[in-house]
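Here is a short tour for anyone about to work with these coordinates.

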Amino acid sequence: MQTTDSMLNDAPPPYKARRCVAWIAEFDPLGLPWKEMRRSPQDFPEHHVAKVSRARTVVGLTFVDASGTPQRIYAKRSLLRGPVARLAARFRESKEWREFELAGAFLRAGFTVPEPLYYSEAMVKSESAHAIFYATRALPGRWRVAKEFFKTTKRFCAEWESLAKFTRLLHERGVLHADYRSDHLFMDLDCIARGEDVAKCWALIDLDGSRCGRNVSRSERERALKQLAESLITSEVGEQNLKRFLEIYDPEGTWNFEAARILKAAREKKRK
């Protein structure tokens, strides 16, 4: 792990490795009832069980720091089961560690993402698995999920225009989100209404597999646009809206994207 002046870099038992900001140093993810939260999330109303998959669980919770200030965070636990997975982990960085570093790169590039706060690794004996923990600060309450907004907005509006400009800015700055979907995009409606810099009006979550600092190719741009269109199918994104979006995204026609073609591909993938 690399170190910075603002972060602790240590391995307090039973953790094999840990990196975190100082105010969250007392956070103990091993003490959370992960199994129970996965099985019966309704029994934990104070937590938000945001995602559950075979090996990963993401939970929102309130952590009270040393000064007594409640801090809303999201914590992820990933389990590596079996000797092969654990052996492979010895020779490559975990997805969570890459996401931790990538979040810092996004922030330095001027884009809003959940602030990375905590990373650690430990053995969970009760599950016979190596666990990786990653925590971020929750986005403030002013941020709204883009997918939910566009479900209620059929016409082309300032928010559509802002999203097109933001997408263009991302790609122009060499930033590629690996899963560019409207449920991974958050918007600040007041910021958009004031006409502020689009980089301040949008936020991104779920950076796994993304990258920062390298040219974004035509095929990568097209894939991102298809991902966005597919995620908005249920919001009834129309060809005309997408066409106007592309005119703003690519005003010089450099990439020659066709709204009908992108929308058709998105719909076919959605059906599958």
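Contact here means heavy atoms within 4.5 Å. Helices (H or I, at least four residues) and strands (E, at least two) are DSSP runs, numbered from the N terminus. This is a predicted model, in which local features need pLDDT of at least 70 and side-chain atom pairs count only at pLDDT 80 or more, while totals for chains, interfaces and linings use all residues. Residues are numbered from 1 along each chain as its sequence is written, and side-chain values use heavy atoms, with hydrogens and water left out.

- Strand β2 is joined to β6 (residues 116-124) by 5 bridges and runs antiparallel to it, with Y118 in β6 as the bridge partner of C20.
- Between β6 and β7 there are 8 bridges, again antiparallel, and Y119 stands opposite Y134 in β7.
- These two strands, β6 and β7, form a hairpin with 4 residues between them, and S128 in the turn has a positive phi of about 50°.
- β5 pairs with β7 in the antiparallel sense over 9 bridges, and I73 stands opposite R137 in β7.
- Of the 9 residues of β7, 8 are buried, so the strand is largely enclosed by the rest of the structure; buried means under 20% relative accessible area, exposed over 50% and partly exposed in between (1.4 Å probe, protein chains only).
- A hairpin through 3 residues connects β3 to β4, which are joined by 4 bridges and run antiparallel.

- R18, found in strand β2 (residues 15-21), is buried at a relative accessible area of 8%.
- The side chain of R18 reaches the backbone oxygen of A25 at 2.7 Å.
- T57 has its place in β4, is buried at a relative accessible area of 1%, and has V52 standing opposite.
- A polar contact of 2.8 Å joins the side chains of T57 and R38; such a contact is a pair of N or O atoms within 3.5 Å, where within protein one must be able to donate a hydrogen and the other to accept it, and residues adjacent in sequence count only if both atoms are side-chain atoms.
- Leaving aside neighbours within four places in sequence, T57 is in contact with residues including W34, R38, K51 and R77.

- β10 (residues 185-187) pairs with β11 over 3 antiparallel bridges, and the bridge partner of F186 is A203 in β11.
- W143 lies in the loop between β7 (129-137) and β8 (144-145), and is buried with a relative accessible area of 8%.
- Not counting residues up to four places away in sequence, W143 touches residues including F186, M187, W202 and A203.

- In soluble globular proteins, nonpolar side chains tend to be buried together.
- A nonpolar core is a set of buried Ala, Val, Leu, Ile, Met, Phe, Trp, Tyr and Cys residues joined through side-chain atoms within 4.5 Å; the largest one here has 74 residues, of which F27, W202 and F245 touch the most other members.
- In helix α9 (residues 239-249), the buried residues include L242, F245, L246 and I248.
- Seen down the axis of α9, the buried residues fall within an arc of 160°, so they line one face of the helix; the arc is that of the directions from the helix axis to the C-beta atoms.
- That buried set of α9 packs against α5 (158-172), α8 (218-231) and α10 (259-271).

Definitions and conventions. Two strands pair if DSSP finds at least two bridges between them.
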